[in-house]
Amino acid sequence: MDTIYALASARGKAGVAVIRLSGPAAHAAVAALCASPLPALRRAGLRRLSWQGDVLDEALVLLFPQGASYTGEESAELHLHGSSAVVAAVLRALAAQPGLRLAEPGEFTRQALENGRLDLTQVEGLADLIDAETEAQRRQALRALDGVLGRQAAQWRESLVRAAALIEATIDFADEDVPVDVMPEVGSLVTHVLADLRRETAGAAAAERIREGFEVAIVGPPNAGKSTLFNALAGREAAITSAVAGTTRDVIEVRMEIAGLAVTLLDTAGLREAEDEVERIGVSRALDRARKADLRVFLLDEAGETEGLEPLPEDIVLRGKADTPSDGPGVSGRTGRGIPELLAAIGQRLEQRVAGAGMVIRERQHRAMILAIKAMESAQNEIGRAPRRDELVAAHLRDAARALAMLVGRIDVEDLLGEIFARFCIGK
Ligand SMILES: Nc1nc2c(ncn2[C@@H]2O[C@H](COP(=O)(O)OP(=O)(O)OP(=O)(O)O)[C@@H](O)[C@H]2O)c(=O)[nH]1
Ligand SMILES: [K+]
Ligand SMILES: [Mg+2]
């Protein structure tokens with residue numbers, strides 16, 4: 001087992017920079033830099049770090065024992081002054097130590113996974129937490145990091161393994177008298193776990209939306225004031241506005257947060273039968289993106305019509321350029337009138353769509369759950385058959401248990417690991 005090290009904090013100037021070490025030689029490597037004895041385990045101590053007669057920094061040194069660290073390995077943290085020269089000097093001194101090497105991206109977390117400190121769903125939660133931009137993403141990622149899904153999956157697996165074992169026990173009794181009929185208990189275990197799995201997968205789409213965010217498109221006739229409204233919502237002049245109908249051609253995007261949810265807001269070309277070739281392309285892009293968006297805000301002019309696109313029941317339809325109360329209900333990008341109400345209406349519709357969000361967040365987790373559900377449905381069908389083939393019931397239940405093991409990364413995940421960890425930064 002190698003001892004790995006890396007800068008764990010962000011690169012560049014900062015108040016403090018943290019270098020992390022993990023592996024059997026971690027404490028020895030720190031000791032080699034410290035003139036005075038190392039601080040007690042899990043106690044921060046200020047130490048002068050030096051290497052080959054050269055003082056590197058005054059650092060806070062923190063040691064964690066094997067089995068009680070983030071990675072599960074013997075580890076250490078050096079809290080340095082956050083200068084790139086100091087960090088570079090300490091990294092050079094560590095590189096010179098025998099048995100040490102620079103960590104790969106995500107390798108500390110990979111050690112944690114391999115040592116059973118985290119399961120795969122927690123690693124995914126951690127990746128999401130690092131990427132989190134909104135409140136809903138942060139809360140959801142923290143729940144995943146806490147391991148809710150892994151704990152629940154362990155209970156489901158236990159029930160399935162118990163059910164399979166009950167059947168297998170009766171198979172061994174085949175030629176003799178079977179002591180008890182186990183099928184009522186097996187049937188009830190299967191029914192309960194299946195109901196749980198179905199309920200959790202039903203919330204997967206909502207959870208995925210929290211993670212990925214929503215697309216909300218502003219659509220309507222030319223000159224309705226879409227780009228002006230878009231800029232007002234974005235809080236900056238992201239789109240060109242002008243009195244010329246057909247100003248916007250490309251779909252323009254801004255990322256924002258509405259009701260704690262990640263939203264990509266889209267400004268689109270005014271919808272009409274365009275004469276101009278470029279505008280026609282713009283209109284066709286507008287239609288395409290607006291149809292794919294999660295929600296459309298139809299901004300209408302006095303005529304109150306939109307060419308080529310019908311609002312869906314959940315869409316928002318309102319009149320633009322409603323600058324003053326005498327203009328009636330609607331919204332004005334110019335004066336800001338009606339914007340808080342519009343944001344509230346968008347937020348309310350999006351919140352409805354994430355209401356059922358559960359523990360299953362990623363497509364990968366969803367697929368593992370579906371595999372488990374399919375296997376359990378096969379088991380249930382077999383239970384209902386006459387004559388019933390008990391070996392098959394047991395085999396389907398074992399398949400379902402295996403799918404749940406995949407869910408938490410206990411088996412069959414080598415490829416996945418590469419994919420997940422490649423997205424981590426070095427030092428995580
Ligand atoms: N009074 C008033 N005028 C507005 C408002 N919003 C936009 N306008 C004016 O209406 C004209 C068109 O505004 P844009 O924001 O470019 O309209 P658009 O819907 O994006 O137009 P296209 O991109 O050409 O489809 C400009 O002259 C704006 O100044 C508003 O809320 N009130
Ligand atoms: K315009
Ligand atoms: Mg526009």
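Predicted model: local features only at pLDDT ≥ 70, side-chain atom pairs only at ≥ 80, totals over all residues.
The domain assignment divides the protein into three parts, namely domain 1 (3-114), domain 2 (125-203 + 361-409) and domain 3 (215-354). Ligand 1 is surrounded by 22 residues. Ser227 and Thr248 carry the UniProt feature "binding site", which comes from an unreviewed entry.

**Domains**
- Domain 2 is assigned in two segments, 125-203 and 361-409, while domain 3 covers 215-354.
- Between the C-alpha centres of domain 1 and domain 2 the distance is 42 Å.

**Ligand 1 shell**
- Sorted by class, the shell holds 13 polar, five nonpolar and four charged residues.

**Annotated positions**
- UniProt, in an unreviewed entry, lists "binding site" at Ser227 and Thr248.

**Ser227**
- Ser227 is part of helix H9, which runs over residues 226-234.
- Ser227 counts as buried because 25 C-beta neighbours lie inside 10 Å.
- Beyond residues up to four places away in sequence, Ser227 touches Ala239, Ile240, Thr241, Thr247, Thr248 and Asp267.

**Thr248**
- Thr248 sits in the loop between H9 and strand S8 (252-258).
- Thr248 is buried, since 22 other C-beta atoms lie within 10 Å.
- With neighbours within four places in sequence left aside, the contacts of Thr248 include Lys226, Ser227, Asp267, Gly270 and Gly282.

Terms used: Residues numbered from 1 in each chain as written. Chains lettered and ligands numbered in written order. Near = placed C-beta within 6 Å. Nonpolar A, V, L, I, M, F, W, Y, C, P; charged D, E, K, R; others polar. Domains from an automatic or database assignment. UniProt positions renumbered as here; feature names shortened; annotations may be inferred. Helix = DSSP H or I, 4+ residues; strand = E, 2+ residues; numbered from the N terminus. Buried ≥ 20, exposed ≤ 12 C-beta atoms within 10 Å, placed from the backbone. Contact = placed C-beta atoms within 7 Å.
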